[in-house]
Amino acid sequence: MKRKGPQQPLLDLPEFLQDSPFLPKFDPRADDEFKKNRQPKPTFRQILTSKPVRTVLAILLSFVALIYLRRVFHEHHVWARLTGPSCYYTEPVTNPTSHSGIDIDWSKFAYTQYATNLEYLCNAVMMFETLHRLGSKADRLLLYPNKYSLDASLGTTESRLLLKARDEFNVTLKAIRIQHENSAVYSGPNWADSYTKLLAFDQTKYSRLLVLDSDATILQPLDDLFLLPPAKAVMPRAWWLDYPFLSSHFMLIQPSPPEYWRVQKAMEKARLGYYDMEIMNKLYGRECLVLPHQPYALLTGEFRAESHEKWLKGGKQEVWDPELVRKEAKVVHFSDAPMPKPWLATRKQMEKYQPKCVGGVGFEEDCRARDIWLGLYTDFKDRRKEICDM
């Protein structure tokens, strides 16, 4: 056993306590040994190269790499082809250039509108007026809420518009129950009622229906679409989205009991974020034909856009030319956030959100996009007043 050295005096204690047995023993050699073996603080470089930090960095880098690879796969269609609507990547169909000499039973085809409230009823009547004016050959079918009456003596705006559609524009009227899903309601657009559109699959009197959203303007005849090759669904790409998806605002479908049963089952799963567009992509995203988006999926918001990369991608138009876009479009859809729908927009809002002229500073300003945009909104408002008196 090692012999302990003498106790060092504690200078701050009285002399008579220096040898007290209750004081702690102090060995200066032990203190010297502790100082000799004490580890120095690690440097910043040593911390970075330590195993725990290397493990954390490896996990973070792996996570970043996964996000990057997912994006790359998404852009190059690898992941999307496996999980998304595969027909999105097929070439758009080409419309028949002529159907002369072909015996066509146009009563088997119909343009279909649905109305869930008075505003959209007026929009639907406006669409039928345009089809009537353009001389469309296919039937016209309107699905309207069964709470509306056709009794003219009631003097309601709803009955007046329904009878106008039937008597002036040869529209077949069919009362239906609105397909409203409370689980899908939120304070945004009226999408909780959009499932009503899918009742078109139950209209089996027709072999083909062209289902159009009514917040739009038809610019050119559309009859040729009914002569496209058979397919359960024909839709344009939702080109404005950042992921592959097909749009249901304009779709050609083939009604049948089996297809309506499938749609009904899908509607039973309705929830927030799962609407008619999601249902159509889930059911028909792998067995559909694709319409070219530039003629059939033009949005008014594109005239306000600063970049037209998405619009030009996959289309025949290679350079943005607002006049050419307007000339070649067959339908234009009013989708222009934060601009309200045309029947709600005020003159002040139109002035605030109208497209900006481009150019200037030595060059003549190009205001064509602005003029076309204003023309579309003004035309809609004028026709609404004339047709619906609203």
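The paragraphs below follow the disulfides of this predicted model through the chain. Residues are numbered from 1 along each chain as its sequence is written, and side-chain values use heavy atoms, with hydrogens and water left out. Because the model is predicted, local features need pLDDT of at least 70 and side-chain atom pairs count only at pLDDT 80 or more, whereas totals for chains, interfaces and linings use all residues.

Taking a disulfide as a pair of cysteine sulfur atoms within 2.5 Å, the count comes to three disulfides. With bonded cysteines counted along the chain, their pattern is 1-3, 2-6, 4-5.

In the pair Cys87 and Cys288 the sulfur atoms are 2.0 Å apart, and the torsion about the S-S bond is about 65°, so this disulfide is right-handed. Cys87 lies in the loop between α4 (78-83) and β1 (109-114) and Cys288 in the loop between α8 (276-284) and β8 (289-291), so the pair ties together parts that are 201 residues apart in sequence; helices (H or I, at least four residues) and strands (E, at least two) are DSSP runs, numbered from the N terminus. Both Cys87 and Cys288 are buried, that is, under 20% relative accessible area, where exposed means over 50% and partly exposed in between (1.4 Å probe, protein chains only).

Cys122 and Cys388, with sulfur atoms 2.1 Å apart, join helix α5 (residues 118-134) to helix α13 (residues 368-388) across 266 residues, and both cysteines are buried.

Cys357 and Cys367 have their sulfur atoms 2.0 Å apart and sit in the loop between α12 (347-353) and α13, 10 residues apart. Here Cys357 is partly exposed, at a relative accessible area of 23%, while Cys367 is buried, at 15%.
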